[in-house]
Amino acid sequence: QEKILNQFNQYKTRINGIDIHFIHVKPSKPAKTVIPLMVIHGWPGSVWEYYKSIPLLIEPTNDVAFEVICPSIPGYGFSEAPHQPGFDVSQTARIFVKLMERLNHRRFFVHGGDWGFAISQAMAKIYPEHIRGVHISMSGVLNMRGIQWFKFLVGMYAPGLVFENPKVDYAKHYPFLDKLSWSMREAGYMHIQATKPDTVGAALVDSPVGLAAYILEKFTTWTDPDNVGKVDGGLTQKFTLDELLTNIMIYWTSNNVASSMRFYKESFVKVMLDQIPVSKSVPAAVADFPNEIIRGSRAINAHQYRNLVQYTEMARGGHFGAFEEPRLMCDDIKSFARKVLDLEAIEKSKQKTTK
């Protein structure tokens with residue numbers, strides 16, 4: 001597993017007093033168009049989530065390939081933990097933009113799931129001039145506001161007035177009490193980590209079995225809610241045990257599980273209260289996986305992303321999209337990038353015509 005981890009070039013650089021670990025892989029073959037792309041993991045994941053996706057992204061398709069940068073969130077994996085309280089999603093966004101600038105990428109694409117989704121959003125909101133396109137794989141809107149709430153309420157009783165595909169979209173949001181019950185059952189960890197992360201953190205850095213149980217639970221139900229009733233948790237439906245253990249070992253060897261959970265305490269409430277949509281200047285794409293924890297229809301997401309150029313109903317997969325279904329995820333990112341390139345070409349043509 002160590003040999004597999006070391007197949008990609010890995011680096012560390014100090015930004016704002018924190019050592020940031022990142023993977024940096026250039027296209028496998030010469031390509032006419034090379035697009036810088038940052039991919040960001042979440043919790044309880046790591047850069048390991050993208051090891052099956054990176055080879056697909058760097059392979060040229062129609063003479064277009066990605067140069068992939070995959071950082072470890074500060075306090076996760078092999079990135080140093082923040083030294084002061086207050087280090088949240090927006091601080092991470094600032095550090096990741098600086099990382100890309102150090103690699104000579106002033107404008108780039110960004111993709112994320114879980115916390116990577118929130119960090120990608122923050123980068124697009126705070127630094128829109130740097131984000132060429134934002135692609136996320138967590139379609140649920142955590143902080144609905146105004147018209148979104150209105151559509152949500154209307155859709156409950158008259159889905160045909162709100163949704164493009166009423167039957168499919170209705171199932172993403174309702175029955176509301178069923179969705180709420182599921183969220184309450186699955187969100188116990190979130191309340192602990194957003195309020196008292198160091199208490200459970202002390203136990204997990206002391207027990208490898210406890211750490212494995214705590215993390216593997218998430219890879220069970222977040223991959224497929226039906227796994228909750230299976231004796232083995234359905235863990236090997238999408239992953240091998242070695243793949244799962246490698247992710248756990250990244251947390252164990254780095255001794256960073258407590259600091260990774262502290263990210264919830266610093267960020268969760270701020271993310272929930274954030275009411276700012278992604279600027280219309282930033283093209284956005286949503287990959288909606290059928291087994292994602294929280295899902296959102298295109299009608300609801302369109303208010304979060306004011307320039308939503310792509311919304312894909314993914315054929316299969318859950319919360320760990322790039323880890324579970326790397327081919328589906330990479331194809332969706334490539335499709336999005338192609339659309340953005342075409343839109344940019346049209347805009348340039350218009351500007352030339354005007355001149």
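Modeller: Let's start in a loop: N255 is found between helix 11 (241-254) and helix 12 (257-273), where helices (H or I, at least four residues) and strands (E, at least two) are DSSP runs numbered from the N terminus. Please keep in mind that this is a predicted model, where local features need pLDDT of at least 70, side-chain atom pairs count only at pLDDT 80 or more, and totals for chains, interfaces and linings use all residues. Residues are numbered from 1 along each chain as its sequence is written, and side-chain values use heavy atoms, with hydrogens and water left out.

N255 has a positive phi, near 60 degrees, without being a glycine. D63 is another non-glycine residue with a positive phi, near 65 degrees. The loop that holds D63 runs between helix 2 and strand 4. D63 is partly exposed, at 38% relative accessible area; buried means under 20%, exposed over 50%, and partly exposed in between, with a 1.4 Å probe and protein chains only.

Cis peptide bonds come next. One joins W43 and P44, with omega about 0 degrees, and P44 belongs to the loop between strand 3 and helix 2 (54-58). Another runs from Y174 to P175, with omega near 0 degrees; P175 lies in the loop between helix 6 (166-173) and helix 7 (176-186).

Now follow the chain into strand 4 (residues 64-71), where 8 of 8 residues are buried. Both faces are covered: V64, F66, V68 and C70 are buried on one side, and A65, E67, I69 and P71 on the other.

Which strands pair with strand 4? Two strands pair if DSSP finds at least two bridges between them. Strand 3 (residues 33-40) runs parallel to strand 4, joined by 6 bridges, and I35 has F66 as its bridge partner in strand 4. Strand 2 (residues 18-25) pairs with strand 4 in the antiparallel sense over 4 bridges; here I23 has C70 as its partner in strand 4.

V89, S90, T92, A93, F96 and V97 of helix 3 meet W115, A118, I119, A122, M123 and I126 of helix 4. By class, this contact has 10 nonpolar, 2 polar and no charged residues, where Ala, Val, Leu, Ile, Met, Phe, Trp, Tyr, Cys and Pro count as nonpolar, Asp, Glu, Lys and Arg as charged, and the others, Gly among them, as polar.

Note on methods: Contact means heavy atoms within 4.5 Å.
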